Amino acid sequence: MKKLELKSRRLLRTIFGCISFTAVAFVFQACYGTPQDMDFLDVRITGTVKSKTTDLPIEGIKVSIKDLPYDYGLTDTTGVFDFYAYLPNYVHRVNDSVVYKPDSLKIQFLDIDGIENGSFNDTTIYVPTYRKRIEIHVALEEK
């Protein structure tokens with residue numbers, strides 16, 4: 001009888017300990033947030049693409065960062081795109097005292113669906129970096 005009581009106490013103590021540790025972890029995360037990735041900067045890139053001549057939205061335009069083609073968005077039927085890009089942290093130390101960050105990104109707009117909804121010139125624009133959200137509205141010229 002005593003062995004059974006001892007085993008049940010150990011089991012309850014283990015369960016209570018696990019629940020307590022989990023609660024502490026959640027409180028810590030709520031107070032201090034999740035750990036930040038120091039090697040990459042998460043940026044949300046949103047916007048619209050329209051035709052310069054007709055002012056109508058363009059579907060099927062690939063929007064990407066010129067040197068980082070693995071993160072991209074495609075415009076939908078309303079010309080809207082929305083994607084997250086994980087940018088390398090471009091912080092460089094020069095002479096152990098100066099920190100340099102590039103002040104812009106090259107955002108590339110490519111017409112990848114052919115002539116289905118018109119044929120548009122590929123365009124590259126520059127946008128400021130180091131904001132959590134970049135919103136772009138662009139009008140593309142027809143070929």
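**Arg 133 and its partner.** I started with Arg 133, which counts as partly exposed at 44% relative accessibility. My cut-offs for that: buried is under 20% relative accessible area, exposed is over 50%, and partly exposed is in between, with a 1.4 Å probe and protein chains only. Arg 133 meets Glu 135 in a salt bridge, N to O at 3.8 Å. I take a salt bridge as a side-chain nitrogen of Lys or Arg within 4 Å of a carboxyl oxygen of Asp or Glu. Glu 135 is partly exposed as well, at 47%.

**Ground rules.** I noted that this is a predicted model, so local features need pLDDT of at least 70 and side-chain atom pairs count only at pLDDT 80 or more, while totals for chains, interfaces and linings use all residues. Residues are numbered from 1 along each chain as its sequence is written, and side-chain values use heavy atoms, with hydrogens and water left out.

**Overall layout.** From the N terminus the order is α-β-β-β-β-β-β-β-β-β. Helices (H or I, at least four residues) and strands (E, at least two) are DSSP runs, numbered from the N terminus. The chain has 143 residues, and 25% of them count as buried. I also looked up contacts, meaning heavy atoms within 4.5 Å. Of the contacts in the chain with a separation of 6 or more, 55% are between residues 24 or more positions apart.

**Other salt bridges.** How many salt bridges does the structure hold? I got four. One of them joins Glu 5 and Arg 9, with the closest N and O atoms 3.6 Å apart. The two sit four residues apart in helix α1 (residues 2-32), so about one helical turn separates them. Glu 5 is partly exposed at 43%, and Arg 9 is exposed at 52%.

Another pairs Glu 141 with Lys 52, at 3.3 Å from N to O. This pair links distant parts of the chain, 89 residues apart: Glu 141 is in the segment after β9 (133-140), and Lys 52 is in the loop between β1 (40-51) and β2 (61-65). Glu 141 is partly exposed, at 41%.

**Strand β2.** Is β2 buried or exposed? Five of its five residues are buried, so the rest of the structure largely encloses it. I recalled that side chains in a regular strand alternate between the two faces of the sheet. In β2, Ile 61, Val 63 and Ile 65 are on one side, Lys 62 and Ser 64 are on the other, and both faces are covered. β2 pairs with strand β7 (residues 104-111) in the antiparallel sense, over five bridges; I count two strands as paired if DSSP finds at least two bridges between them. Lys 62 has Leu 110 as its bridge partner in β7.

I then picked out Ser 64 in β2, which is buried at 2% relative accessibility. Leaving aside neighbours within four places in sequence, Ser 64 contacts Asp 71, Tyr 72, Phe 83, Lys 106, Ile 107 and Gln 108.

**Surface.** The accessible surface of the chain is about 10,500 Å², and 58% of that belongs to carbon and sulfur atoms. Areas come from the Shrake-Rupley method with a 1.4 Å probe; for residues, only the protein chains shown count as cover.
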